[in-house]
Structures are given as structure tokens and as C-alpha cells.
Amino acid sequence: METARYRHEYKYILSQAQILMEDAKINTIAELDSYVGEQGYYNIRSLYFDDYENSCFMANENGIDNREKYRIRIYNGAKERIKLELKQKCHGMTLKRNCGISLQQCEMLMAGRVPSDIKEDQQVLWKLAYLMETRLMMPKIIVDYDRIPYVYRPDDANVRITFDKNIKSISDTNTFLDLKVGGRGILPVGSALMEVKFDDFIPDEIYSLLQLNGLQVSTFSKYYLCRKFAR
């Protein structure tokens with residue numbers, strides 16, 4: 001399991017014009033993530049879990065600050081690298097912990113069943129298994145989108161800026177591992193979600209990029225809106 005730490009996370013919903021302006025400026029000081037292919041982005045698909053009281057959804061609905069979500073995540077539809085992730089939010093900061101899971105474990109979790117072969121180092125899976133037994137945690141929604149990620153790492157900062165486009169809500173959780181999925185878009189056509197993530201402080205160069213007229217920090221939750229507008 002990877003070492004994790006709390007990070008700041010700011011979110012902004014951008015119009016098409018704002019996307020072009022921000023992307024042009026960020027290009028001058030940051031570089032694309034090394035995982036990006038020739039197409040300039042990669043696809044992220046997440047399968048989110050919630051309990052019998054829909055506690056994760058209601059925590060977002062009620063604006064509760066201390067909350068957590070469990071999700072399985074794949075990239076570009078690849079089944080060779082599957083991660084189970086726990087995302088926690090506390091006092092406006094986020095912490096992510098994850099562990100790799102096998103295809104067979106993923107399929108068991110998709111079916112709402114606890115895998116029988118959990119390894120000692122799969123701590124996040126142990127936690128989810130416990131909640132599946134005690135809180136009836138089950139797959140609830142698929143969130144699918146394309147991400148353009150930038151990395152800015154001078155000597156004293158660690159900043160990641162991402163643009164998430166084509167965000168879709170998919171209610172049929174059985175299609176999580178399918179090559180292509182349908183779904184419903186949750187943002188106006190042409191718009192995107194920009195996320196700015198950093199450790200201890202945000203460098204002046206990045207802060208200045210966020211000074212656009214009408215650009216405001218959002219409480220946007222992809223999971224919440226995808227469940228709210230699922231069909």
C-alpha cells in the first residue's frame with residue numbers, strides 16, 4: 001500500500017472558454033503526467049460503494065466535513081492494474097489510501113461478495129470487507145471520465161492540476177469492466193472540472209492561474225452528482 005498524506009484539493013467548474021484559457025497558461029509552467037498517451041488524456045473509471053443507509057451519499061448531501069468513500073478504479077479500461085481506494089476528507093483536506101486487487105477480487109466485489117483471498121498487505125480491502133459485513137456496503141454507481149493531468153514540481157512544492165471532461169454516471173455496476181460503457185453526462189456540453197491539488201502551500205505561479213473572472217471554488221463531488229442524476 002502506498003504512503004499517503006493529507007492534501008489540499010480545490011475544484012472549479014469551467015466553461016469551454018475558461019478551459020482554453022487555463023490550459024494555455026498551465027502549459028507554460030507545468031508538464032503533462034507521464035501516464036498520458038498520444039491522445040493527450042487518459043480515461044478513469046471508478047466503481048463506488050455505499051452502505052444500506054447511503055451514508056456516503058448523505059454525507060455529501062448534508063455537507064458533512066469528515067467523510068470517506070471506497071471505490072475501485074481502472075485506467076483506460078485495463079484489467080491488469082486495478083486499485084481499491086479509500087478517499088477520506090477532513091477539514092477540507094483529502095487523504096487517499098489504496099491497494100492493488102486482482103481481477104478475481106474485483107469481480108467478487110462487483111457482485112457484492114467479500115473475497116476469500118485477502119492478503120495481509122491489502123489493508124484497504126480488509127476495511128471494505130468489514131464494512132460489507134457490518135454495514136452491507138455494496139457497489140452503487142460507476143463514474144467515468146477523461147482526464148488531462150498536469151504536474152508542477154519545483155523544489156519546494158508538489159502540485160497536480162487536472163481537467164476532467166465527459167463525466168458520465170452509469171447506474172449498471174455490472175458493466176464496470178466492459179470495454180465501452182454508456183451513461184449520462186452530468187455537466188453541460190463543453191464544460192469540465194478542474195482540480196488543483198497540493199501539499200503544504202500553493203505556489204504563486206499556480207495561484208495566479210486561478211485568477212479568472214467568475215472562477216470560484218466548487219464543492220463539486222463526481223460521486224454525489226453521478227448518484228443524484230443516475231438513471
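Predicted model: local features only at pLDDT ≥ 70, side-chain atom pairs only at ≥ 80, totals over all residues.
**Entry 1: helix 1**

I began with helix 1, which spans residues 16–26, and I looked up which of its residues are buried, taking buried to mean under 20% relative accessible area. The buried residues of this helix are Gln 18, Ile 19, Glu 22 and Ile 26. I then asked myself why they lie on the same side of helix 1. The reason is that they cover an arc of only 105 degrees around the axis, which puts them on the same side. I reminded myself that an α-helix has 3.6 residues a turn, so residues three or four places apart point the same way. On the other side of helix 1, I found that Gln 16 and Leu 20 are exposed.

Next I looked up what covers the buried residues of helix 1, and I noted that the cover includes strand 1 (7–14), strand 7 (138–152), strand 8 (159–170), strand 10 (192–198) and helix 5 (204–209).

**Entry 2: strand 3**

I turned to strand 3, residues 42–50, where nine of the nine residues are buried, so this strand is largely enclosed by the rest of the structure. In a regular strand the side chains alternate between the two faces of the sheet.

**Entry 3: partners of strand 3**

Which strands pair with strand 3? Strand 7 pairs with strand 3 in the antiparallel sense over nine bridges, and Arg 45 stands opposite Asp 144 of strand 7. Strand 4, residues 67–75, also pairs with strand 3 in the antiparallel sense, over five bridges, and here Ser 46 stands opposite Arg 73 of strand 4.

Methods: Residues numbered from 1 in each chain as written. Heavy atoms only, no water. Buried < 20%, exposed > 50% of the residue type's maximum accessible area, 1.4 Å probe, protein only. Helix = DSSP H or I, 4+ residues; strand = E, 2+ residues; numbered from the N terminus. Arc of directions from axis to C-beta. Contact = heavy atoms within 4.5 Å. Pairing = 2+ DSSP bridges.
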